[in-house]
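Me: Hey, I've just opened this one and I'm new to it. Can you walk me through it while I look?

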Amino acid sequence: MDGHQYLYRRNPDVLLEWGEGGGPVLVDCRRWRKFSAKPALVGLLHQLDRPQTADELHGRWGGADHADEVHKILERLAAAGIVHRSAPDGDGRADGGGETENGPGGDGWTPYELAVHAQAGRGPVPHARRGTPPPARFHHPEAGDAIALPDGDDVPSRPLARVLAERRSVRAFAPAPVPLPLIGAFLDRTARVRGHFPPRAYEQTQRPAPSGGGRHSLEVYLLAREVAGLAPGAYHYDPFQHTLHRLCPWTDGLAALQQRTVTDLALMDSPPPAGLYLASCTGRTSWKYEGMALSLIYRDTGCLMQTMSLAATDLGLASCLVGMMETPLTAPFLAPYRDRLIHVGSMALGLPTDPLAAPAVEPLGG
Ligand SMILES: Cc1cc2nc3c(=O)[nH]c(=O)nc-3n(C[C@H](O)[C@H](O)[C@H](O)COP(=O)(O)O)c2cc1C
């Protein structure tokens, strides 16, 4: 076939960034290859937003005198994977594109997601671990009262196998406040610091949930609408002292936060009596793992969420996780910390209804 009949299109996984010297760099986020490019080439790729032949492109792009020249450039770009090439009467599949019926890219990933995944797979950047590690403890100097929490040692626990068998996501709660001793036992069993890993200067702590490198970047905030013995408001959990620090009273702003981060997303008829707003103090993880920190933070969040759902079940609390993340975070009590914290998810907490209001599950067929 005459090569001029091939159709060429920009590889949708290729993003543009600016290199050290300021010149354009093309990044193939799927294969994680980078190419420095002349500005004229960026102009050519700009035109390749839909499949077209070298002759068609020659008519739109003024960077070459002859269509033959454009064809040669396109062939070189196709060999490098920067553009995809397909036959005009072909089955729509482009050479080297990994393209399927799902469309460009083929598997539903955006180039940004591919880039984060590729970067995470390469491990930390060489200059990670420079300077002083950020402290494992997050202070809220503006906080009001500190409320010492009960340990929960005297709150009964059940065999793990039973807790695993009973764990469910629950989206309706009894119209009763959550007892503070249950909140105390819950935080004791899920988030409390038990000690340090040496050397102390590394700020690595040991807690109930595992965390990449013991960095434990996650901070727990309690949105207490109805917790018996606690003034309604937002609280920070200090996992070192096992105390709650009051950040603000319950306001319309907190009610709206609860509504958009939990109630709406879990399709609840009414807001839960209590909720957790989980935030990562990202610097703790990125100090050691810059380059793959975000992936570790997400995985730490999963570990903490699972620990929390099991502990809630064990304690007889109803709970539902919510994975939606606010970017940027809007929690009014975290306004001074918006450049240090990211929201990573939420959890609704309350007492269960009787019988437990959980969606029905059909047993597996034989
Ligand atoms: C990371 C994560 C995010 C979730 N986000 C939501 C959510 O936004 N809304 C919701 O109603 N449930 C959410 N859930 C709960 C799931 O819907 C629930 O786990 C799933 O339906 C299975 O039900 P089960 O937990 O009772 O086994 C989330 C769960 C996880 C682990």
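Me: How many salt bridges does it have?
Reply: The count comes to 16 salt bridges. Keep in mind that this is a predicted model.

Me: Okay, give me one to look at. Which side chain does D314 meet in a salt bridge?
Reply: That would be R158, with an N to O distance of 3.8 Å.

Me: And where do D314 and R158 lie?
Reply: D314 is in helix 9, residues 293-314, while R158 is in the loop between strand 6 (146-148) and helix 5 (160-166). So the pair ties together parts that are 156 residues apart in sequence.

Me: Is D314 buried or exposed?
Reply: Buried, because its relative accessible area is 12% and the cut-off for buried is under 20%. R158 has 26% relative accessibility, so R158 counts as partly exposed.

Me: Which residues do shared partners join into one network?
Reply: R158, R162, E166, R189 and D314 are joined that way, through salt bridges that share partners.

Me: What about D188, what does D188 pair with?
Reply: D188 meets R192 in a salt bridge, 3.3 Å from N to O. D188 is buried at 17% relative accessible area, whereas R192 is partly exposed at 23%.

Me: How many residues of helix 6 are buried?
Reply: Nine of the eleven, so helix 6 (residues 180-190) is mostly covered. D188 is one of the buried ones, and the others include L180, I183, F186 and T190.

Me: Switching to the surface. Which residues form the negative patch?
Reply: D2, D55, E56, D65, D68 and E69 form it. Helix 2 (54-60) and helix 3 (67-80) each supply at least two residues of that patch.

Me: Say I click on E69. Where does E69 lie, and how open is E69?
Reply: E69 lies in helix 3. With 35% relative accessibility, E69 counts as partly exposed.

Me: Which residues make the nonpolar patch?
Reply: V116, L294, Y298 and M325 make a nonpolar surface patch of about 310 Å². Y298 is partly exposed, with a relative accessible area of 39%.

Me: Last one. I landed on Q47, so where is Q47 and what does Q47 touch?
Reply: Q47 is in helix 1, residues 39-47. Leaving out residues up to four places away in sequence, Q47 touches Q52, L57, R60 and W61.

Me: Does Q47 count as buried or exposed?
Reply: Buried, because Q47 has 18% relative accessibility and buried means under 20%.

Key:
Residues numbered from 1 in each chain as written. Predicted model: local features only at pLDDT ≥ 70, side-chain atom pairs only at ≥ 80, totals over all residues. Heavy atoms only, no water. Patch = residues over 30% accessible without salt bridge, like charges linked within 9 Å, V, L, I, M, F, W, Y side chains within 5 Å. Areas by Shrake-Rupley, 256 points an atom, 1.4 Å probe, with all protein chains shown as cover. Salt bridge = Lys/Arg side-chain N within 4 Å of Asp/Glu carboxyl O. Lys, Arg positive; Asp, Glu negative; His and termini not counted. Charge placed at Lys NZ, Arg CZ, Asp CG, Glu CD. Helix = DSSP H or I, 4+ residues; strand = E, 2+ residues; numbered from the N terminus. Buried < 20%, exposed > 50% of the residue type's maximum accessible area, 1.4 Å probe, protein only. Contact = heavy atoms within 4.5 Å.
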